[in-house]
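Subject: Structure handover and notes

Hello,

Please find the structure below. My notes on what was found in it follow.

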Amino acid sequence: MRVALLALRLMCLAWLWPVTQLNSSSFPNKRRHKELYLGENTKQKHAGRVEIKKMDSTKSLLIKSEQLLRIEDHDFAMRPGFGGAALPVGIDVQVESIDSISEVNMDFTMTLYLRHYWQDDRLAFPSSNNKSRTFDARLVKKIWVPDVFFVHSKRSFIHDTTMENIMLRVYPDGNILYSVRITVTALCSMDFSSFPLDTQNCSLELESYAYNENDLMLYWKNGNDSLRTDEIVLSQFFIEDFQPSFGLAFYSSTGWYNRLYINFILRRHIFFFMLQTYFPTMLMVMLSWVSFWIDRRAVPARVSLGITTVLTMSTIITGVSASMPQVSYVKAVDIYLWASFLFVFLSVIEYAAVNYFTTVEEMKRLKNAKIPTFNATQAMAFDGCFHDNDIDLTSFPEAASTPNTERNTQSRNSTNSAPTEGTRLRRKNPLKENLSFIMSNSYMIDSYSRVIFPLAYLLFNIIYWSMYA
């Protein structure tokens, strides 16, 4: 009986053994699914509070991004659709700031967000929810991106704090958005003929370096709305307009290229230059007029005032020239400064003339006090109406006469008697008479200068500001 029971148990164990092995092999899968479920929704109790901890979705991905986008299966050294029609690449720009504008170097520095839009079917991927995937600079280096560069750029760089400011967004249908944050310093050909009352037209130009119009077509994605700007405030300029435009550039060796332009107009604020240049210049010119009211015999006062104004004007001109590029044409500020310098210089020359005529007048007075008096005939001889060798001066007796008597005698002789042989007539010279009158009345030069100089300077300012303002 016992033998029969033992045999029955052995038979049951032999029958149940395969079933036990099958169940033990399926337990790990169940355990793994259970752990995955618990990993996604793990309940933790902290002080009576239950928290559900969700697992990061990237940890559950079974396929890497490179495998999902099939990067290893394609040659991304070639552009999309190589050998076919030109690839359209849309561009839009958001200008963050204009950092500086240099007149000396004739350039400007701008920080902007540059965004590219194109389609690459090689990067299309299946997606049940039709959501895009966003990557950083690490994936950008493994795919093809447009080689857009800035024409006439001096310096440029991509910001890299804390990581490179590059964003790549790939949509399931292969559409791509590629965005970079760039600071670029580019050339701006400025015309300073009206400086500082000028308006400058600058542009930032974008172009593909390797692909001509047969391979790549650049265009503004949203037309005029493709260029957006933040509120930009500059210290010396007012931005009048931002405008995108499109054109073509030709190179003899490689052909035609699409080129995009970011045009902006800068109008200079004049108030800074009014305070730093124009007002000080006006004050120096008016200060030079003070010498017209100082007595002409006060030589140290008038000379020191004239030299001071001249040196101050020279300093102002030097300071303005140092902050400007060395151009070969005359600027508006140069015209004003040098005209003002001329007025200051003429005020110094005016006193030099006054001082000279005053000295001549005083010397004449000293000479007239020592010269002996002669009668009318002797005076005419000295005056040149007769030849000296035809007249014997010793035969004329000395006679006391006054200047009025001499003039009356001369006029009477000239009207009543005809010219005889050996005489020579003199014509009156108005210029010489006026000059002699001014020399004998040098104080009148200051009187006229007090009116002429301010009126002339006022007329100059009216003409200047009507032309340039």
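Helices (H or I, at least four residues) and strands (E, at least two) are DSSP runs, numbered from the N terminus. By that numbering, proline 196 is found in the loop between strand 9 (175-187) and strand 10. A cis peptide bond joins phenylalanine 195 to this proline, with omega at about 0 degrees.

Before the rest, the conventions. This is a predicted model, in which local features need pLDDT of at least 70 and side-chain atom pairs count only at pLDDT 80 or more, while totals for chains, interfaces and linings use all residues. Residues are numbered from 1 along each chain as its sequence is written, and side-chain values use heavy atoms, with hydrogens and water left out.

Backbone exceptions

Most residues other than glycine have a negative phi, and most peptide bonds are trans. A cis peptide bond also joins threonine 161 and threonine 162, where omega is about -5 degrees. Threonine 162 sits in the loop between strand 7 (153-158) and strand 8 (166-170).

Histidine 152, which is not a glycine, has a positive phi of about 60 degrees. Its place is the loop between strand 6 and strand 7. Methionine 106 is not a glycine either and has a positive phi of about 55 degrees; this methionine lies in the loop between strand 3 and strand 4 (107-119).

Serine 102 belongs to strand 3 (residues 87-102). The side chain of serine 102 reaches the backbone nitrogen of asparagine 105 at 3.2 Å. That is a polar contact (a pair of N or O atoms within 3.5 Å; within protein, one must be able to donate a hydrogen and the other to accept it, and residues adjacent in sequence count only if both atoms are side-chain atoms). Leaving aside neighbours within four places in sequence, serine 102 is in contact (heavy atoms within 4.5 Å) with Asp107 and Met190.

The sheet

Strands of a sheet pair through backbone hydrogen bonds, either parallel or antiparallel. Here two strands pair if DSSP finds at least two bridges between them. Four strands form an open sheet in the order 6-10-14-13, with antiparallel pairing. Strand 6 (148-151) and strand 13 (237-251) are at the edges, each with a single partner strand, so one side of each has no neighbour in the sheet. From one strand to the next the twist averages 25 degrees.

Strand 10 (residues 199-208) pairs with strand 14 (residues 255-268) in the antiparallel sense over nine bridges. In this pairing serine 203 stands opposite asparagine 263 of strand 14. Strand 13 and strand 14 also run antiparallel and are joined by 14 bridges; a hairpin connects strand 13 to strand 14 through three residues. Glycine 247 stands opposite arginine 259 in strand 14.

Helix packing

Two packed helices are described by the angle between their axes and the distance between the axes. Axes are lines fitted to C-alpha atoms, for helices over the stretch in contact, and angles run from 0 to 180 degrees between N-to-C directions. Angles under 35 degrees count as roughly parallel, over 145 as roughly antiparallel, 65 to 115 as roughly perpendicular and the rest as oblique. For residue classes, Ala, Val, Leu, Ile, Met, Phe, Trp, Tyr, Cys and Pro count as nonpolar, Asp, Glu, Lys and Arg as charged, and the others, Gly among them, as polar.

Which way does helix 4 run relative to helix 6? Helix 4 (residues 271-288) packs on helix 6 (residues 332-368) at an angle of about 15 degrees, with the axes 9 Å apart. The two are therefore roughly parallel. Residues of this contact include Tyr278 and Met282 of helix 4 and Tyr336 and Phe343 of helix 6. They divide into nine nonpolar, five polar and no charged.

The axes of helix 5 (residues 299-322) and helix 6 come within 10 Å and cross at roughly 165 degrees; helix 5 and helix 6 are therefore roughly antiparallel. Among the residues that meet are Arg302 and Met313 in helix 5 and Trp338 and Glu350 in helix 6. By class, this contact has 14 nonpolar, five polar and two charged residues.

Helix 6 and helix 10 (residues 443-468) pack at about 170 degrees, their axes 12 Å apart, which makes helix 6 roughly antiparallel to helix 10. The residues that meet include Glu350 and Phe357 in helix 6 and Asp446 and Trp465 in helix 10. This contact has 17 nonpolar, four polar and two charged residues.

Regards
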